[in-house]
Amino acid sequence: MIRAFFLSVGQLGDKRIIRVFLKSFALTCLILAAIGAGLWFGAQSLVAWAGASAGVAGLAGVAAALGILLAGWLLFRAIAIAVIGIFADDVVLAVEDKYYPTALAQATDVPLGRSIVMGLRAAGRAILVNVALSPVYLLLIVTGIGTPILFFVVNGWLLGRDLGDMVAARHMPESELKAWRGTTQVSRFAIGLIVTGLLVVPIVAIIAPVLGAAMATHWFHGGRKA
């Protein structure tokens, strides 16, 4: 894992990686902006429909702004992973071209449609699981450490699954993925925990999805060599 991390960090200056980062970051921001605009105009429309006073309209605007910030914080990870799923092939290709040329020669490009579906499934799982567990998160707040521990465990598991699939999809048919997941749970979980940790660090969170895809590529091929 340490090797995968430092090799991935060392390749962040690769032009191909930079292009993926810029595309994925721009698309993530656009999606978050669209969600924010929807919350804002939705709140304003609701106030106008109710015929509320100017004071109430102001409060609705403040509530919408807070909602935008909260939605951005909660949804960033899910949206970022979904978006990087769309461009994951480019990250994996760049890493394989530099470090694993033999594997690259045998790889099969993942069709854009399948990449989009995988990304949407990853986002959907992240949102649904975390929303379903939100009452537990709240209950565990009183323990002081229970909420962050559960958050890391759950999202480490989710991220490990999704990042691993992004790479494995280039090297094995979809019918074999389920069996492969069963034999790599622990190591995928470890990668998921690392990337989850990166996603909660300000600034670093911006590059975490790209870094995670690169790490998963090194982990996948390192494991196969072993």
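Helices are taken here as DSSP runs of at least four residues, numbered from the N terminus. In this predicted model, helix 5, helix 6 and helix 7 (174-183) each contribute at least two residues to the lining of the second largest pocket. The volume of that pocket is about 210 Å³. Its lining comprises 15 residues, of which Met118, Arg121, Arg161, Asp165 and Arg181 lie closest to the centre. Helix 5 makes the greatest contribution to the lining, supplying seven residues. By class, eight of the lining residues are charged, five are nonpolar and two are polar.

Two of these helices also pack against each other. Helix 5 spans residues 112-140 and helix 6 spans residues 146-168; their axes are 10 Å apart and meet at an angle of about 170°. Because angles over 145 degrees count as roughly antiparallel, helix 5 is described as roughly antiparallel to helix 6. On the side of helix 5, the contact involves residues including Met118, Ala122, Arg125, Ala126, Val129 and Leu133. The residues contributed by helix 6 include Leu150, Phe151, Val154, Leu158, Arg161 and Asp165. In the contact of helix 5 with helix 6, 13 residues are nonpolar, four are polar and four are charged. Met118, Arg161 and Asp165 take part in this contact and are also among the residues closest to the centre of the second largest pocket.

With regard to the overall fold, the protein chain contains nine helices and zero strands. The chain has 226 residues, 42% of which count as buried. Among contacts with a separation of 6 or more, 80% join residues 24 or more positions apart.

Technical notes. Residues are numbered from 1 along each chain as its sequence is written. This is a predicted model: local features need pLDDT of at least 70, side-chain atom pairs count only at pLDDT 80 or more; totals for chains, interfaces and linings use all residues. Side-chain values use heavy atoms; hydrogens and water are left out. Axes are lines fitted to C-alpha atoms, for helices over the stretch in contact, and angles run from 0 to 180 degrees between N-to-C directions. Angles under 35 degrees count as roughly parallel, over 145 as roughly antiparallel, 65 to 115 as roughly perpendicular and the rest as oblique. Contact means heavy atoms within 4.5 Å. Ala, Val, Leu, Ile, Met, Phe, Trp, Tyr, Cys and Pro count as nonpolar, Asp, Glu, Lys and Arg as charged, and the others, Gly among them, as polar. On a 1 Å grid over the protein atoms alone, a cavity is a set of points where a 1.4 Å probe fits but cannot get out, and a pocket is an open set with protein on both sides within 12 Å along at least five of seven lines; lining residues have an atom within 4 Å of a point. Grid points are joined across faces, edges and corners, and a volume is the space filled by probe spheres set on the points. Buried means under 20% relative accessible area, exposed over 50%, partly exposed in between (1.4 Å probe, protein chains only).
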